[in-house]
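Thanks for coming. I will go through one model today, starting with confidence and then moving to packing.

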Amino acid sequence: MAKFVTIGERLSTTAPAVNKAFTERDPEPIIKRAKQQLDAGATYLDVNIGPAENDGEDLMKWAVKLLQENFDNVPLSLDTSNKKQLRLVFRIQPFQRKPIVNSADAAGRIENIDLAAANDAIVIALCNGEGIAKDNDERMMYCQMLLERGMEHGMDASDLWFDPLFLVVKGMQDKQMEVLEAIKMFSDMGLNSTGGLSNNSNRYAVRTSVQSWIPH
């Protein structure tokens, strides 16, 4: 049975108000924005602390604790380019609902699959390597690499959510059908798919996922 899942992506340091609230550890703007997303139908909340080079461990722990306490253990998507801090948050912060690691790719972030596997998490698997895939043949090659990596580490295929990268549509409208075809190819393989719609419109920061869903 298919299920449509929405990941709200408006808790991001790219937004000045959120960045200020994170820096000052001010809970009110974070709670307000989180509630707006949940009221609008978000299933998960993405917590994007950026590179967080100075206080990432403390910041991610603070944000996760704040959201889980105020929203009945809402499931979260952990989003940071700081690999060290991403690993640490799993060691110091318990998760009552299965989190998402956002994200892995077939290049420098492939180890995020290992991290998700070791912590019983879901991972968003971007179907790209050092650069954006030039076509669906290349996307599916990356998809296979990421799938094999996850399964080698004991993951269920359903815990890898494959993203064809909607980013290409923003600059190349002719890529729209190609991206949709990639999603169908994932579905035909029995795989879950996801897409960051916020890559095309930062005004409405959201990620959507379509899954052959088995509740965890």
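Where pLDDT is low, the predicted coordinates should not be read in detail. The protein chain has a mean pLDDT of 88, with 88% of its residues at 70 or more.

Some ground rules. This is a predicted model, in which local features need pLDDT of at least 70 and side-chain atom pairs count only at pLDDT 80 or more, while totals for chains, interfaces and linings use all residues. Residues are numbered from 1 along each chain as its sequence is written, and side-chain values use heavy atoms, leaving out hydrogens and water.

Next, the cores. A nonpolar core is a set of buried Ala, Val, Leu, Ile, Met, Phe, Trp, Tyr and Cys residues joined through side-chain atoms within 4.5 Å; buried means under 20% relative accessible area, with a 1.4 Å probe and protein chains only. The largest one has 47 residues, of which L67, L78 and F162 touch the most other members. Helix α3 (residues 56-70; helices are DSSP runs of H or I, at least four residues) gives the most to this core, six residues. Beyond four places in sequence, L67 contacts L11, I30, A34, L45, V47, V74 and L76. A second, separate core has nine residues, including V5, I7, W161 and L165.

L165 also contacts N128, as do D105, A106, A107, A133 and Y142, leaving aside neighbours within four places in sequence. N128 is buried, at 9% relative accessible area.

Notes: pLDDT is the predictor's confidence in each residue, from 0 to 100. Buried means under 20% relative accessible area, exposed over 50%, partly exposed in between (1.4 Å probe, protein chains only). Contact means heavy atoms within 4.5 Å. Helices (H or I, at least four residues) and strands (E, at least two) are DSSP runs, numbered from the N terminus.
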